[in-house]
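Hi there,

Here is the structure I promised to pass along. Have a look at it first, and then read on for what turned up.

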Amino acid sequence: MANNVTGFQRIVNAAGYSWQGLRAAWQNEAAFRQETIAAVIAVIVACWLDIDAISRVLMIGSVVLVIIIEIVNSAIEAVVDRIGEERHPLAGRAKDMGSAAVLLAILLALFVWITLLWSHLR
């Protein structure tokens, strides 16, 4: 499937595909919706707190990373499900590893938030 579009039109097309991906994640993935709502709340809190810019960027970046990893995990699951619904050790491993990536991103975000809030409140 060749794509001969170049220049600015390629950028416009890519932005459209990205928007479609975000819409698909919102419509089809409950975890994405939950994590996005939590991230929006976290960004509001991070902007409201009286903290330095670096702390704010770390706090917001850590929750955005959770959303990014969730999208990648959902993409992995969609591809595995597209290949077949039967159980296979490699399919299970791929899904488990994607889930583990989300868990690690969530733990990282919690660590960042707890560490920065702890140092701010002391």
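A residue counts as buried under 20% relative accessible area, as exposed over 50%, and as partly exposed in between. Val72 has a relative accessible area of 45%, so it is partly exposed. Please keep in mind that this is a predicted model.

Val72 sits in helix α3.

How do α3 and α4 cross? Their axes come within 9 Å and cross at roughly 170 degrees. Angles over 145 degrees count as roughly antiparallel, and α3 and α4 are therefore roughly antiparallel to each other. Sorted by class, the contact of α3 with α4 has 20 nonpolar, five polar and four charged residues.

Now for helix α2, which covers residues 30-48.

Which residues of α2 are buried? They are Phe32, Glu35, Thr36, Ala39, Ala42 and Ala46. Because these cover an arc of only 130 degrees around the axis, they lie on the same side of α2. The buried residues of α2 pack against α1 (7-28), α3 (53-83) and α4 (89-121). On the face turned away from the buried side, α2 carries the exposed residues Gln34, Ile44 and Trp48.

Best wishes

Notes
Residues are numbered from 1 along each chain as its sequence is written. This is a predicted model: local features need pLDDT of at least 70, side-chain atom pairs count only at pLDDT 80 or more; totals for chains, interfaces and linings use all residues. Side-chain values use heavy atoms; hydrogens and water are left out. Helices (H or I, at least four residues) and strands (E, at least two) are DSSP runs, numbered from the N terminus. The expected span of a helix is 1.5 Å times one less than its number of residues. Buried means under 20% relative accessible area, exposed over 50%, partly exposed in between (1.4 Å probe, protein chains only). The arc is that of the directions from the helix axis to the C-beta atoms. Contact means heavy atoms within 4.5 Å. Axes are lines fitted to C-alpha atoms, for helices over the stretch in contact, and angles run from 0 to 180 degrees between N-to-C directions. Angles under 35 degrees count as roughly parallel, over 145 as roughly antiparallel, 65 to 115 as roughly perpendicular and the rest as oblique. Ala, Val, Leu, Ile, Met, Phe, Trp, Tyr, Cys and Pro count as nonpolar, Asp, Glu, Lys and Arg as charged, and the others, Gly among them, as polar.
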